[in-house]
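Work through the exercises below with the model open. Try each task before you read its solution.

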Amino acid sequence: MKMNKRKGFGISIYIVFVLLPIYWLLIMSFKTNQEILGALTLWPQNFTLANYAVIFTDPSWYNGYINSMIYVSMNVVITLLVALPAAYAFSRYKFVGDKHLFFWLLSNRMAPPAVFLLPFFQLYSSIGLFDTHIAVALAHCLFNVPLAVWILEGFISGVPREYDEMAYIDGYSFPKFFIKIFIPMIRSGIGVTAFFAFMFSWVELLLARTLTSVEAQPIGAIMTRTVGASGIDWGVLAAAGVLTIVPGLLVIWFVRNHVATGFALGRV
Amino acid sequence: MNKIPDNRAWWLVLPVFILVAFSALIPLMTVVNYSVQDIFGPNSAYFVGTDWFREVLQNENLQASLGRQFVFSAAVLLIEIPLGIGVALMMPTSGRRGSLCLILLAIPLLIPWNVVGTIWQIFGRGDIGLFGWALNEIGINYNYTGNTGDAWATVLLMDVWHWTPLVALLCYSGLRAIPEAFYQAAEIDRASRWAIFRYIQLPRLKSVLVIAVLLRFMDSFMIYTEPFVLTGGGPGSSTTFLSQTLTTMAIGQFDIGRAAAFSLVYFLIVLLVSWLFFTAITHLDKEK
Amino acid sequence: MFRNNQSPRALMLSAAISVAGLGAAMPALADQYSDAAKKWVDSEFETSTLTEEQKLKEMAWFTQAAKSMRGMQINVVSETIATHEYESSVLAKAFTDITGIKVTHNLIQEGDVIEKLQTQMQSGRNIYDAFINDSDLIGTHFRYGKVVPISDMMEGDGKDFTLPTLDLDDFIGLDFTTAPDGKLYQLPDQQFANVYWFRADWFEREDLKKKFKEIYGYELGVPVNWSAYEDIAKFFSEDVKTIDGKRVYGHMDYGKKDPSLGWRFTDAWFSMAGAGDKGLPNGLPVDEWGIRVEECHPVGSSVTRGGAVNGPAAVYATQKYVDWLNEYAPAEAKGMTFSESGPVPAQGNVAQQIFWYTAFTSSMTKKGLPVVNEDGTPKWRMAPSPHGPYWEEGMKLGYQDVGAWTFMKSTPKERRLAAWLYAQFTVSKTVSMKKTLVGLTPIRESDINSDAMTEAAPMLGGLVEFYRSPARVQWSPTGTNVPDYPKLAQLWWQYISQAASGESTPQEALDGLAKAQDNIMMRLERANVMETCGPKLNEERDAQYWLDQPGAPKPKLDNEKPKGQTVPYKELLKKWEAES
Amino acid sequence: MIAWMSWTMPTAIFFAVIAAILLAMTVYEVVSPCTERKGFLPIATTRGDRLFIGLLTSAYIHLMFLGLSEVSLWLALGISVVWLCILLRWG
Amino acid sequence: MSLTLENVSHVVDGVPYIADANITFEAGSFNVLLGRTLAGKTSLMRLMAGLDKPTEGRVLVDGRDVTRESVQRRNISMIYQQFINYPNLTVWENIASPLRLAKMPESEITRRVQETAAMLQIEPLLKRYPLELSGGQQQRTAMARALVKDASLILFDEPLVNLDYKLREELRAELRELFRARNCIAVYATTEANEALALGGVTTLLHEGRIIQSGPVMSVYREPVNVTAAELFSEPPINLIPGRVTDTDVTFDNYAHHPLTRELQSLSPADYQFGIRPSHISLVPQNEDDLELAMTVELGEISGSETFMHVNNEHFHMVLQLMGVHEYHTDTPIKIYLPISKLFVFDVDGALVHAPSQRAGE
Amino acid sequence: MAEIQLKSLAHSYSKHPSGPEDYAIRQISHTWHKGGAYALLGPSGCGKSTMLNIISGLLAPSEGEVLFDDVRVNELSPKERNIAQVFQFPVIYDSMTVFQNLAFPLRNAGMAKDRIETKVNEVAEILELEAVLHRKARNLTADEKQKVSMGRGLVRDDVSAILFDEPLTVIDPQLKWKLRRKLKQIHEQFNITMVYVTHDQLEASTFADKIAVMYDGQIVQFGTPRELFERPNHTFVGYFIGSPGMNLVAVERCEEGVRFNGMTVKLGAGLQSLLEQSTSSNLKLGIRPEFIQLTTTPSDDTFECDVTDIEDLGTYKIVSLTLGNQSIKARVDEDHAVAPGKIHAGFPRQWLKLYVDEFLIEEQTE
């Protein structure tokens with residue numbers, strides 16, 4: 001029991017460490033720029049929602065969130081759609097070049113993004129996808145798909161092959177088995193994978209910014225407008241920052257149990 | 001479980017292959033093409049052969065940032081992996097409190113990287129940031145923008161703040177996957193807390209740790225946005241890592257050819273390290 | 001790529017208009033566009049140098065000119081300052097109402113604007129239909145040939161789309177956007193300068209004046225040279241230290257390793273110190289970047305090639321920047337970017353700033369700030385920047401940024417012309433007065449001299465006076481000597497930051513910078529990608545050879561700190577008024 | 001359409017060679033699948049592994065030559081080819 | 001239908017899993033594959049099901065080559081050692097799933113599911129999910145799913161091994177009942193000789209990937225073709241004693257001499273291995289020519305109704321299976337009697353030379 | 001080594017049990033004597049593992065007390081109770097070698113190096129693990145792993161007791177024989193209190209001197225294998241022990257004894273009077289298949305039956321009979337010839353048991 005108390009204390013300290021910077025961002029978003037730059041205050045002296053009002057009343061602001069959410073969702077869907085069969089193949093079959101393909105997929109996470117930006121821009125422009133959500137979604141697949149395949153492969157390996165065989169024996173065709181039987185069985189894995197895909201797509205900015213100009217502009221790019229030749233609009237920046245956390249919070253809320261229990265079956 | 005040899009599995013992998021090949025191979029080939037030319041715009045390029053590679057390899061600034069990069073990645077791994085394991089061990093194992101911990105811990109992971117940089121940039125400032133202010137209040141002369149040591153500490157602290165939850169999350173789920181019987185057996189065998197960790201938890205965390213270490217290595221080796229927003233690589237070039245040098249070159253100066261050569265060298269380094277690591281781990285598993 | 005989303009209703013209307021135009025003697029039938037024009041003119045653009053009738057006529061011209069483009073959607077982009085925010089949220093809407101062309105005026109960080117522009121230039125693919133970017137790129141634009149010169153457009157395909165009442169001569173910044181070939185490349189949209197800023201109220205305080213005189217032997221006033229600035233900085237930071245119980249500083253600047261640190265230098269710092277040659281708007285043959293040109297061909301920036309980037313004057317200027325930042329500015333300043341440091345003087349603890357952008361004027365005149373009086377008048381004033389010991393009469397004294405409309409050849413013609421209409425709209429006399437009052441970034445002589453400006457003058461701390469004086473021509477942006485602004489400008493912040501942090505000495509940092517600059521120019525020469533006036537580097541020769549030549553690079557002065565010189569603000573004002 | 005990729009003859013040849021090697025190896029593998037074996041490398045490898053190791057080390061050999069010497073790269077290429085053969089045969 | 005494996009071999013990564021299997025299963029037969037762990041039982045079943053394709057050889061159904069036919073197109077069922085059910089479907093849906101896939105009318109599905117569930121006594125569980133059930137119930141569900149569709153080939157891969165002893169006994173009995181009336185091929189893999197005996201039918205012995213014997217259970221039991229077969233099909237394992245037959249007598253392991261009586265007389269002089277089942281050894285002489293051996297008790301194990309006595313001397317170790325409860329303490333000297341008529345005789349290579357005959361009246 | 005006493009032990013996994021069905025263990029009082037080899041036999045879900053975990057201290061009982069040598073140990077951890085336990089599925093420390101695995105509990109107790117060495121080698125020899133002693137435990141086969149797992153329990157000779165939780169589940173049948181023998185030997189050698197949980201009567205009776213049969217959270221009989229076989233105290237014991245289990249026939253009272261299907265079974269006077277003391281109508285007669293005598297000739301105390309099935313199990317046969325509407329199984333020797341058709345079955349009086357409310361009633365003789 002003593003142990004548990006010590007643990008509780010330790011984890012509390014760590015969570016405070018995690019939350020403090022976020023707290024600071026949060027209270028900043030409720031302060032006026034005047035107060036932010038003036039004396040240091042631990043909570044807003046003149047509580048204001050004006051910073052949020054700026055974002056919520058201006059479509060060119062809030063559209064950024066919508067754009068980001070659109071391409072992130074598209075990315076999650078595409079990632080899962082292509083990664084599931086591939087992970088299944090890697091987990092169940094041996095085929096020419098499998099291990100090399102796997103490592104090659106993984107190696108795409110290792111390519112430094114900066115230099116690939118211009119080719120990416122050229123590539124998507126040349127097929128007329130510049131400034132579309134799908135372009136960003138596809139580009140993010142580059143680093144999300146390999147990870148998804150990796151994670152899912154672990155989960156799928158945790159499901160005995162007998163399930164597949166039994167389904168075939170029962171007369172299921174592969175697609176039908178996959179959709180009706182298999183996917184529900186590894187839904188925790190899918191939840192976890194979706195979480196990771198969401199996470200890495202949501203936080204990425206370089207590619208998203210390069211591949212868009214107006215119609216699909218991500219929030220991260222719009223946020224930079226708080227920095228101008230006449231100073232930084234700290235309050236709005238903080239409010240925008242706080243709002244970028246919200247979708248993530250919702251997602252983690254939905255997959256929390258999968259993350260806790262899901263991995264038990266998975267790659268680990 | 002034995003895998004069935006069947007080349008038809010390629011059909012299942014094909015979508016991934018096409019998708020990734022489209023997004024990876026074409027740009028990669030383009031980058032290779034760029035790397036032997038001095039590019040100024042469409043149709044205005046000058047063939048330079050391997051000059052860029054030579055320059056990149058012999059450039060002292062780049063070597064210095066490579067060195068810093070390795071130090072940074074090593075530091076990140078050395079801090080975050082043990083800390084992440086520690087946090088995972090401390091997390092409540094079940095129930096509402098477990099979920100709550102999980103959600104709170106995951107927050108930093110879900111914040112866009114530029115916002116992470118911004119948060120710490122503010123948080124660390126001596127005048128308007130709680131952290132910098134508090135340190136100065138208790139008499140520590142802290143200024144992350146002026147002092148190299150402080151800058152490093154802050155960049156590391158930020159990275160630890162940002163990414164330790166990932167390690168913790170992975171480890172947490174890894175720990176959940178250990179059957180209760182192992183703890184029972186250890187208890188029966190009169191194992192100490194340390195022995196339980198050393199002989200039960202740690203070995204069973206190995207596969208998640210592989211993921212964690214690989215991800216953390218790759219991502220920390222390519223870290224750009226957060227330290228750029230935080231310190232801009234300064235003071236001087238003390239926190240200028242490879243990726244920042246590269247990004248400045250590629251999308252600041254649009255010095256595409258040189259940047260391409262640079263990034264290929266960079267890519268080869270990451271590839272080698274990751275491959276060595278990957279191979280070492282997978283082969284250790286097989287070893288009798 | 002070109003999308004024509006003309007709605008059926010718009011089609012019908014335009015048909016109706018043309019029928020009306022054919023059949024009736026009436027100049028124009030009331031339609032939705034003229035209604036909109038009237039509404040906007042009455043409600044938003046009331047203050048103007050034009051009469052109501054002139055304004056409506058101008059607007060009617062836009063409606064008419066845009067007829068064939070109705071329903072089109074175009075995207076333009078600019079950085080974030082009050083002026084552009086006004087354009088983005090008000091003018092774009094007004095333009096859409098009046099012309100039927102849908103404009104999205106996107107606002108992003110300045111660095112991102114340049115990055116997008118670069119991407120478009122590098123790829124030849126259209127990203128935005130028009131950019132508002134600083135005229136600093138003039139040297140780049142005219143050399144690479146990827147930009148449509150405005151003057152060509154006005155005579156060529158844009159002839160029918162050029163506003164008859166545009167009145168180019170009325171613009172004050174045309175020099176900056178005109179290349180050596182005599183063509184106008186960009187259309188000014190907003191401009192601001194960097195000047196000296198100081199707390200006039202403190203400078204008037206008798207106790208302080210007395211104390212200063214005691215210590216330094218001359219009057220406290222607007223510093224004319226850097227020696228005086230340094231003395232005053234030292235005075236407030238070390239001798240006065242606190243005013244009314246508050247810690248005060250005699251200097252404010254910024255030093256974070258960030259692209260904006262480069263602006264700090266490329267904008268005018270060396271020219272203020274006197275590193276370049278005489279000449280307005282930019283020094284010739286050596287400009288404030290330290291780049292020497294011969295017949296428009298850049299020939300080098302190292303002293304050994306005849307440039308002045310690492311000459312004694314530049315080293316001196318850099319040294320002063322570093323020293324003052326370390327000794328007289330608040331500690332946080334070292335970690336700030338341009339945008340972060342800008343609002344700091346508004347907090348009321350900075351006595352003077354040598355390098356202050358007038359873009360901050362509006363944010364520093366807000367009521368309730370420590371630097372604003374009860375009646376709304378500022379406690380501060382702006383004045384001409386002091387100059388360094390190497391400076392000579394006839395050289396530029398500061399930086400003036402002209403954000404100007406730029407059109408790329410890679411933009412499809414239809415879209416470019418639609419954007420051209422919008423660009424003219426944002427600078428037309430109907431709207432420019434109002435825009436100037438909102439953003440305080442005047443571009444037209446007529447606006448500057450208007451009654452409205454006179455009325456606003458007391459609140460603006462000398463802004464109006466500055467723009468009305470002929471001295472303003474001493475403030476200019478980067479000139480045509482710089483062959484590739486984006487590539488070269490990126491070098492500056494990286495090398496300067498080494499000096500700022502003490503990692504290397506100013507001399508070492510500038511040597512590196514000069515070498516890197518020459519290197520890039522050498523590559524430009526090698527690849528021979530510039531249509532005109534490409535770099536042709538000089539052979540390296542002994543530095544002394546160049547130092548011995550007249551003009552920049554100038555040899556090191558024996559005494560870099562002459563006696564401080566100040567001038568009372570009132571006298572300065574009188575001088576400006578007298579000249580105008 | 002592909003002008004933007006800035007192809008040059010040397011890089012085109014380079015990719016063609018790589019593609020040819022991969023194709024050949026794939027055909028070889030399909031025709032006669034190989035099993036893991038242990039040669040002088042410290043780990044058991046398949047043919048494909050050895051090819052990968054060979055290509056990666058060849059890249060490093062070239063970089064080494066570029067970074068440390070002014071010797072012609074043809075030498076590096078020669079060494080790499082020999083090394084690749086040794087590796088595939090005995091690795 | 002009949003199922004024939006013709007020269008079937010299965011090699012994975014150079015390791016032979018099944019070597020040259022030739023066997024035919026007749027319609028309506030109940031077949032037991034008996035072999036130790038890793039003997040190839042599962043591999044053989046997978047080949048029969050079509051889950052794996054043989055490296056060599058053919059699989060014939062009613063003489064038709066189906067070697068390359070996909071699993072889905074064959075009408076088979078399989079029950080695994082692990083309790084494999086679709087975890088996301090209810091028991092009802094689990095059982096109904098093969099029928100639904102066969103596009104059977106809903107009323108027919110309902111009828112059949114009810115019927116099968118009743119047969120396996122899982123009607124009260126139909127609305128539950130498999131993971132909420134006990135192991136026995138899960139396996140019953142799996143069986144129901146396998147039985148509901150009238151497959152022509154039903155494969156059982158050690159289905160009872162993870163269940164309680166008593167439950168195993170019951171299900172085994174039920175299985176026998178269930179298959180009595182069916183006209184399909186049932187193949188049942190097990191490692192336990194007793195299970196094979198209890199199930200009856202045709203027994204096939206599998207050892208290291210090879211089929212070593214196949215035939216009606218009692219004939220295989222009574223006449224194992226070689227030592228391996230005898231060892232496999234005996235629990236506790238058959239006792240083996242090496243011996244040398246000369247013209248006059250037989251010497252067991254250079255130790256116990258015995259005159260050549262009864263069946264032994266027909267043996268030509270050579271070295272042999274003699275086998276005797278534990279149940280045939282007794283503690284009291286039953287015939288005068290019983291081989292008497294003096295042993296010491298090593299361990300007595302008492303099952304419910306039997307006692308397994310482990311005895312040894314310096315030459316042999318033997319197991320006796322005695323009816324009833326016998327309590328002997330360790331190290332008690334004891335005499336045991338081996339009836340000569342119950343001896344199995346194998347040659348030195350292990351091939352059967354002689355098997356004891358059954359009493360008349362069988 | 002210790003005597004383990006359970007006092008009115010009860011356990012429920014739910015926090016607020018609402019009725020007896022919520023209890024995994026219901027009110028058990030029981031004593032395991034010092035140095036005995038015991039088995040805890042029962043079907044899955046009867047609560048036997050729960051009880052084992054309560055004894056070892058992995059689980060705290062909801063009610064009742066656990067005493068070791070008369071000392072209450074409810075609050076003590078397994079470590080403090082000094083108990084060894086072997087689990088159903090092998091639990092090995094897979095990063096260690098077999099040697100390290102076996103030495104682990106000793107090292108944790110701080111034993112001297114050379115003593116550890118001897119002890120481990122001793123146990124390894126018993127379990128025939130010498131060959132793999134220095135291999136990584138991860139690479140062992142399932143039964144080797146389980147041997148290691150058992151070895152870790154056996155290596156400690158100072159323990160209060162060793163508990164086995166169905167340790168042979170994963171072991172190949174051929175090996176089970178060996179290991180059972182090993183365990184028995186080990187017990188005879190070390191004389192440690194051992195409790196062995198299993199659902200397999202053979203394992204239980206092979207291993208244990210006395211067996212506790214658990215059913216539905218209770219111990220229904222505690223006795224020697226012979227007692228369990230010959231005198232099952234509860235119908236469940238009758239059913240569970242023996243293969244096949246005891247034939248149980250529901251009967252009703254009649255004047256001379258009990259009756260079913262119009263057939264009367266006479267009871268002795270003692271038994272008759274005992275029966276009369278109870279009013280319950282839940283009466284069953286039980287007889288083991290082994291004790292049914294089949295003859296082809298009828299006699300006084302035989303009943304005529306139909307043979308419905310004959311199962312030849314090699315060493316014996318099981319004959320299924322119908323007597324009236326009751327089906328009964330009889331077990332006969334392999335050499336005993338039985339033909340389908342009519343047969344006569346005799347139920348020897350001494351093996352005929354009467355159960356009232358599932359429990360045995362018996363005359364107090366001998």
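**Exercise 1. A salt bridge in chain E**

Task: Find the salt-bridge partner of E:Arg140 and state which helices the pair ties together.

Solution. This is a predicted model, and side-chain atom pairs count only at pLDDT 80 or more. Start from E:Arg140: its salt-bridge partner is E:Glu174. The closest N and O atoms are 3.2 Å apart, and the cut-off is 4 Å. E:Arg140 lies in helix α4 (residues 135–148) of chain E, and E:Glu174 in helix α5 (residues 165–180) of chain E, so the pair ties together parts that are 34 residues apart in sequence. Over all chains the count comes to 79 salt bridges.

**Exercise 2. The six-stranded sheet**

Task: Give the strand order of the open sheet of 6 strands in chain E. Then explain why one side of each edge strand has no neighbour in the sheet.

Solution. Read the order across the sheet: β13-β12-β11-β14-β19-β20 of chain E. The pairing is antiparallel. Now look at the ends. β13 (256–259) and β20 (352–354) of chain E each have a single partner strand, so one side of each is left without a neighbour in the sheet. Neighbouring strands here are turned by 35° against each other on average, direction ignored.

Strand β12 (residues 249–252) of chain E pairs with β13(E) in the antiparallel sense over 4 bridges.

**Exercise 3. A hairpin**

Task: How many residues lie between β9(E) and β10(E), and which residue in the turn has a positive phi?

Solution. Begin with the strands. β9 (residues 202–207) and β10 (residues 210–216) of chain E pair in the antiparallel sense over 6 bridges. E:Leu205 has E:Gln213 as its bridge partner in β10(E). The hairpin has 2 residues between its strands, and E:Glu208 in the turn has a positive phi of about 45°.

**Exercise 4. Two helix pairs**

Task: Describe the packing of α3(B) with α9(B), then of α2(C) with α4(C).

Solution. Two numbers are needed: packed helices are described by the angle between their axes and the distance between the axes.

Chain B comes first. The axes of α3 (residues 60–90) and α9 (residues 193–221) of chain B come within 9 Å and cross at roughly 140°. That makes α3(B) oblique to α9(B). The crossing is right-handed. Residues in contact include B:Phe70, B:Val76 and B:Ile81 in α3(B), and B:Phe197, B:Leu205 and B:Phe217 in α9(B). The contact residues divide into 16 nonpolar, 4 polar and 3 charged.

Now chain C. Helix α2 (residues 32–43) and helix α4 (residues 82–99) of chain C pack at about 145°, with axes 7 Å apart. Among the contact residues are C:Tyr33 and C:Trp40 in α2(C), and C:Val90 and C:Ile98 in α4(C). The division is 7 nonpolar, 1 polar and 3 charged.

**Exercise 5. Backbone exceptions**

Task: Locate C:Pro281, C:Pro285 and B:Arg190, and say what marks the backbone at each.

Solution. Recall the rule: most residues other than glycine have a negative phi, and most peptide bonds are trans. The bond from C:Leu280 to C:Pro281 is cis, with omega near 0°. C:Leu284 and C:Pro285 are also joined by a cis peptide bond, with omega about 0°. C:Pro281 sits in the loop between α11 (259–273) and β8 (292–294) of chain C. C:Pro285 is in the loop between α11 and β8 of chain C. B:Arg190 is not a glycine, yet has a positive phi of about 60°. B:Arg190 lies in the loop between α8 (180–188) and α9 of chain B.

**Exercise 6. Chain contacts**

Task: Which chains share the most contacts?

Solution. There are 10 pairs of chains in contact, and chains A and B share the most contacts. The nearest C-alpha atoms of chain C and chain E are 49 Å apart. For chain D and chain F they are 18 Å apart.

Key:
Residues are numbered from 1 along each chain as its sequence is written. Chains are lettered from A and ligands numbered from 1 in the order in which they are written. This is a predicted model: local features need pLDDT of at least 70, side-chain atom pairs count only at pLDDT 80 or more; totals for chains, interfaces and linings use all residues. Side-chain values use heavy atoms; hydrogens and water are left out. Two strands pair if DSSP finds at least two bridges between them. Axes are lines fitted to C-alpha atoms, for helices over the stretch in contact, and angles run from 0 to 180 degrees between N-to-C directions. Angles under 35 degrees count as roughly parallel, over 145 as roughly antiparallel, 65 to 115 as roughly perpendicular and the rest as oblique. A crossing is left-handed if the near helix is turned anticlockwise from the far one by less than a right angle, and right-handed if clockwise. Contact means heavy atoms within 4.5 Å. Ala, Val, Leu, Ile, Met, Phe, Trp, Tyr, Cys and Pro count as nonpolar, Asp, Glu, Lys and Arg as charged, and the others, Gly among them, as polar. A salt bridge is a side-chain nitrogen of Lys or Arg within 4 Å of a carboxyl oxygen of Asp or Glu.
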